[in-house]
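Have the sequence and the model to hand.

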Amino acid sequence: MWQAVSRSGARLLMLALASGVAASLGAQGTRVPGTVVIGTVGDPSLPVPYLGTMNTQNADVGDQLFLRLGVLKPGFRTTGDDALAPMLARSWKRVDSLTLLFELDPRVRWHDGAPVTAHDAAFTWSIAHNPKINENQAAIESIASVEEAGPRTVRVRFRRAFQEQVYRFAFDFQPLPSHLLEKMAPEAIAASEFAAHPVGNGPFRWSRRIPGQLVELLADSAFFAGRPGIARVIFRVVPDASARLNLLLSGELDVMDNVPPANLPQVTALPSFRIARLPGNAIAYAVFNQRSASDSGTPNRFFTDLRVREALTLALDRRTMAGLVYGPGTAVPDAAQSLLWSWITGGTIRSAPPNLAKARALLAAAGWRDTDGDGVLDRGGVAFRVSVIYPDSPTRTKLAVQSQAMWKALGVAADLHSFPGPQWQERHFRGEFDIDFAGANQDASPLSLIEAWSCASARRPGSLNVARWCDPAFDQLLTKAVAGRGAVADWRAVLDRMTSQHPAAFLASPAIVAAIHQRYENAPILPARQWLALWQWRIRPGAAIARDR
Amino acid sequence: MRWLLRRGADAFLTALVAVVLLAVVVHLLPGDPLAVIIGDRETDPATRAALAASWGTDRPLYSAVGHYLAALVRGDFGVAMSENRPVATILLERLWPTMLLGGLTLLIDFTCGLALGLWSALHPESWRARVLGGLTVVGYALPSFVLGMVLVWLFALEFRWLPPAGLLDQTLPLDASLWVRMADRLTHLALPLATMVLATIAVPFRQQRAAALATATQPWVLAARARGVAPAAIAWRHCWRPALTPIVTLLGLWLPMLVGGAVFVEMLFDWPGIGSLIAQATASRDIPLVLGAGVLLIVMVQAGSLLADLLYRLVDPTQRDR
């Protein structure tokens, strides 16, 4: 059955768009064009999907230029064929457990006026699965082929049956214009005129880029879902956090999507900005290495014992730590669960309170005692002294220092080693640590747990499972959840198993704290891809400032 | 001419050795150079190996350095790993904002700084000279980013007279008049330039003051005073020129500041120049970009040194025969 947009839904959408357009008309009945200036950490130098390093800044700009086939619905569930709302694809239907047909919306056009066709999708697939062009083959590994099944019908075959096929293709896939690129050698596209001035099909069209300074996009008045409420979007490159904050405080930036906790009082005090807290996709944790820090072939002498892992987790006052480091609105999970996945646990994330007495008892039961009275536990002549690594960011540093103090109270000596990002990353992936203060930005899909926590990933060199944690029972539950029909209970069982096994001390699931200028209304920021709904933003009547006109 | 050729050859050889050393040191830096591309994504060993081969990060040290030097001889600075664009293009884009900020800083330092230093030497006992001397020392002692943060807080956030960062107002209409554009450029330039000047002017000021003080007691100056030569003529003709020699050396040494001397200031003021580029490239371990910026700095150092020697010979005729 086609999962079509219902007529009432379409009417509602049109009504919302019409009201948005009406609201953005000024008092004299003229449209207030509107501008949004967004600060970005890096230079969006190649914002075309698959062509270059798809870092956050390229992806953020690419989201405005190139439509996805579908977008996540509120709640951010990724499982099931009805997980997404239509965007470039107006509907889709299942042929069998491995095949889906997507029907592209005939109203969508490239910014040069050419229609978007199934051929564009098939051509883009040829680009996306060319490892010489797109080095991120892991992201499309589950897709076997993308073919034209009609002028606007795309047939997608998957390598295996799983419950997130629609999400995996429709959310991750952004077609490129074949009529502009097909005649070029694929390897030459990244250096072509197209890459410098991309032609997309999204709500905003390319205007200009000043290298190292900005990318400017203008609203596409012919956008199929209605003209965007904002006429101009500027992604301003501001690598330094202090400079970004100063620009926000002086009103030169309109939005900041991750206000540092330390600066929150300052930003909250600004009358022209409001603070929005959104479910974030980040988690922070101290992962316990299952292998020796110096020899990955040898089991870790401390952390192969579950009692030890649990003791070190219980010794931490994680709620206090998370509040101090990330500010209000931060949840503390017992498993690898960001706020984005709170649907798995009924919309809330809970954690066990600290229990130092139980932690001491667990270590004693595991044979760790302070036999020489030096304040550090020992067993068989080996002191409980662990090597801890962390990147030199302010948040991880605070977490590591606070944990060190709390573990000291338990009799565990933690030697802290801070490294600049690339050096930390090298040690992180090589597993050269006993405890690593790591973090992750989780995909909207809980299937990403496989990459970071499964036994298969533990055996794979270079995988995200840097601690080489492997629990066959967890894997069984994971397999059941993946193969199942997306039942929440299955995923809950996966997280419960992880909670019971303590592969890491999970420290925080921070919220995204965004500062948004008061003059915008209907200004959603989405957790998985912050600026996907930018086209729905509009200026409150009578609130426009000079740069909006 | 023979001197110039010899000096030029010296400069070239020194630059060559410096580039080789730079290439060796940068390749020896700890940290995963592919991190800038891979980020926190899972990468299987085959993909990692393919990436390492395509970016040349799997080469042994001697081969990596050799490849780099050979490419450099062909004028190829390589491709920046963080942006997948030619390093030369990125450097060129970033060069002029840095030249603008550094050039104006040098200009103000070596005009106002020298004039004030000379005036201060000629009025050593005046309270104004003492205050001036104290202020320049304070400016020099404060780290530039602290000074910059204070200026931003005061003039951008409290009084809101000046923009806190950036090269220009990117929301200005494309049809804005020339005057509006110039005013915009100047207001954006004001705070970073003030920071740079306040943080650096003490050096030429004090050098000039010390050199002029030493000259002021020389017999020819005393004789000129005894002859009743006007104070301005004494300052210009008898004190300033002989005191210029150490300043010329200083100017040569400071030329590289045009390119790389403003890392903190450029970061704080979001000034899209070479300084902030160096900081970002080093933090992300973007080897080709770090090397490209480093080579540019080496060339600037050598050019500055050569220029200083040339000026030295112009200022001091006794040097011309050596």
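Q: What makes helix 5 of chain B oblique to helix 8 of chain B?
A: In this predicted model, helix 5 (residues 87–122) and helix 8 (residues 178–200) of chain B pack at an angle of about 45°, with their axes 9 Å apart. Angles under 35 degrees count as roughly parallel and 65 to 115 as roughly perpendicular, so helix 5 of chain B is oblique to helix 8 of chain B. As for handedness, helix 5 of chain B passes helix 8 of chain B in a right-handed crossing.

Q: Which residues of helix 5 of chain B meet helix 8 of chain B?
A: On the helix 5 side they are B:Leu101, B:Leu104, B:Thr105, B:Ile108 and B:Asp109.

Q: Which way, left-handed or right-handed, do helix 15 and helix 16 of chain B cross?
A: Their crossing is left-handed. The axes of helix 15 and helix 16 (residues 287–315) of chain B come within 9 Å and cross at roughly 145°. Helix 15 of chain B brings B:Ile274, B:Leu277, B:Ile278, B:Ala281 and B:Thr282 to the contact, and helix 16 of chain B brings B:Leu289, B:Val290, B:Ala293 and B:Leu296. That contact has eight nonpolar, one polar and no charged residues.

Q: How many residues does each chain give to the contact between chain B and chain A?
A: Chain B gives 41 residues and chain A gives 44 residues. Among the elements of chain B that give two or more residues are helix 2 (35–38), helix 7 (144–158) and helix 14 (263–268). Helix 3 of chain B gives the most, with five residues. The chain B side that touches chain A has 18 nonpolar, 10 polar and 13 charged residues.

Q: What makes strand 4 and strand 6 of chain A edge strands?
A: Strand 4 (89–96) and strand 6 (143–148) of chain A each pair on one side only. They belong to an open sheet of four strands in chain A, with the order 4-5-7-6 and antiparallel pairing. From one strand to the next, the twist averages 20°.

Q: How do you know that strand 6 and strand 7 of chain A pair?
A: Two strands pair if there are at least two bridges between them, and strand 6 and strand 7 (residues 153–158) of chain A have five, in the antiparallel sense. For one of these positions, the bridge partner of A:Val146 is A:Val156 in strand 7 of chain A.

Q: Which residues of helix 3 of chain A are buried?
A: They are A:Ala118, A:Asp120, A:Ala121, A:Phe123, A:Thr124, A:Trp125 and A:Ala128. These buried residues pack against strand 5, strand 6, strand 7 and helix 5 (178–181) of chain A.

Q: Why is strand 16 of chain A called largely enclosed by the rest of the structure?
A: Being buried takes 20 or more other C-beta atoms within 10 Å of a residue's own. Five of the seven residues of strand 16 (residues 385–391) of chain A are buried, so strand 16 of chain A is largely enclosed. Strand 16 also pairs with strand 17 (residues 413–419) of chain A, in the parallel sense over seven bridges. There, A:Val386 has A:Ala414 of strand 17 of chain A as its bridge partner.

Notes: Residues numbered from 1 in each chain as written. Chains lettered and ligands numbered in written order. Predicted model: local features only at pLDDT ≥ 70, side-chain atom pairs only at ≥ 80, totals over all residues. Axes fitted to C-alpha atoms, helices over the stretch in contact; angles between N-to-C directions. Parallel < 35°, antiparallel > 145°, perpendicular 65-115°, else oblique. Left-handed = near helix turned anticlockwise from the far one by under 90°. Contact = placed C-beta atoms within 7 Å. Nonpolar A, V, L, I, M, F, W, Y, C, P; charged D, E, K, R; others polar. Buried ≥ 20, exposed ≤ 12 C-beta atoms within 10 Å, placed from the backbone.
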